[in-house]
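Work through the exercises below with the sequence and the coordinates at hand. Each task is followed by a solution in steps.

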Amino acid sequence: MSPRHLLLLLAALTLAPGCVTLQPWERGILESRIMGDPVDPLAASFDGHVDGAREAVAGGEAVATDACGCN
Amino acid sequence: MFRLVLVLLVVASATPVLAGERAGGRVDVYADGDIVVVAPSAQLKVDASDAVQLNVGWMANVLSGATPLLTADAVSSATTFEDVRHAFDVGVSGRLDALTLLRGSARFSLESDYAVVTASVGLERESQNRRAIFTASYATLLDEAWTSLREGTRQTSVTHRLDGGLSLLLTKTTRLRLGVSGLMHACEELIGCQSNTYRYVAVRTLDSGDIALRETHPDRRARLATTLRLSQALGRYVALHGGYRFYADNWAVLAHTADLAVHAGLAGERVLLRAEGRMTRQTTASFFQPSYTEEEEGLPRYRSADRELAGLWSWRVGGRVEWAALGLGPLLRASWNLRAYHTWYRYPTLDPSLKRNAWVLGGGFDAEW
């Protein structure tokens, strides 16, 4: 898949939800514990500290907070 | 009628209030044969009003171990060390309107020879149809290091960090998240950008003598990381989480990280099980060498033998279990958890026989009210 196709796919994924209605009562699973990722902020903070010390990589972990439609 | 009541309840729960109050604490232990880190931590979130939430946190890292230390007189020996690092966090979140949240936070981290102050501000905006959340944040970090092992006294560096994120509900069982981070470190030479003030490299001189010279890193480091995460529920009580991160910086380090987790709920989510795996591949920094040999024209301007800057592979597997009790006294939910994971590090460009195997064990509790 070329970078252009990947960008088109991401754009489609980004725009598609705006065209479909998702009612509040359809969001139960999205709000459930099993959809939590990461599960534990304190543990995730420690893991980030470990990875930052053992690898040369940083950033990217601060993805947006979960959109659950509940706030 | 029942459907109408259900809808009203769900809509009422979707009014613009902040997430509930909660407190948590845990202890994690990291061990890899060279070093042991015991890390207790705690966090508290309370509502100051309907629209403002405060949070405070604390984490300590108690380090002990023995590691080969190259010093200026080229003596390499196993040196024991102990250190304690404390990090304190304080943050505030406030609703500007039904869809917009403003966050601010500060962190102060202190150990015997190092201190970091971090300040950040961020904005979170939910779409009108409540299916997307956009986030943007800026943070600045001020590092200060001092050590009696080096000439000079206190050294400082500054890091600017920008993060952007997007979380999308694709379907009633699928969530997609994107994240982009840009970091710019402006480091003084003595600190380097790896936050270690004690590193030297082995150098063979023109007269075949072996000496140790201080590592020198470029004093600027620009880093970019992008993350894509997908969560897919498979039925009511099982979900898959997968992620990929691409990382690049101007030291020529490229990295790909992929992870996959299965999260399952039993007994109405009173028991949660999670199994996960992670893999990272990282290329070598442009100036990295295991050791250096002096040439007629001298030594390279930048030198490092840090394993963290070598080409490496890492694999991780682990699991977590959580038990929860609902309606326990004044608490809406109280839970206890245990986790364990193992990571294998390999350094094919440094020494194919070099291995590092690390364990993390941890446990904690969490309460919501």
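Two strands count as paired if DSSP finds at least two bridges between them. The model used here is predicted.

**Exercise 1.** State how many helices and strands chain A and chain B have.

Solution. Chain A has 2 helices and 0 strands. Chain B comes to 1 helix and 19 strands. As for burial, 38% of the 71 residues of chain A count as buried; in chain B the figure is 27% of 369 residues.

**Exercise 2.** Derive the strand order of the open sheet of 3 strands in chain B.

Solution. Step one: take strand β10(B), residues 200-204, which is joined to β16(B) by 2 bridges, with the strands running parallel. The bridge partners are Y292(B) for V203(B) and T293(B) for R204(B).

Step two: turn to β11(B), which 5 bridges join to β10(B) in antiparallel fashion. Here V203(B) stands opposite I211(B).

Step three: the order is β11-β10-β16, and the pairing is mixed. β11 (210-214) and β16 (292-293) of chain B each have a single partner strand and stand at the edges, so one side of each has no neighbour in the sheet.

**Exercise 3.** What share of the contacts in chain B with a separation of 6 or more comes from residues 24 or more positions apart?

Solution. Such residues account for 54% of those contacts in chain B.

Conventions:
Residues are numbered from 1 along each chain as its sequence is written. Chains are lettered from A and ligands numbered from 1 in the order in which they are written. This is a predicted model: local features need pLDDT of at least 70, side-chain atom pairs count only at pLDDT 80 or more; totals for chains, interfaces and linings use all residues. Helices (H or I, at least four residues) and strands (E, at least two) are DSSP runs, numbered from the N terminus. A residue is buried if 20 or more other C-beta atoms lie within 10 Å of its own, exposed if 12 or fewer, and partly exposed in between; C-beta atoms are placed from the backbone. Two residues are in contact if their C-beta atoms, placed from the backbone, lie within 7 Å.
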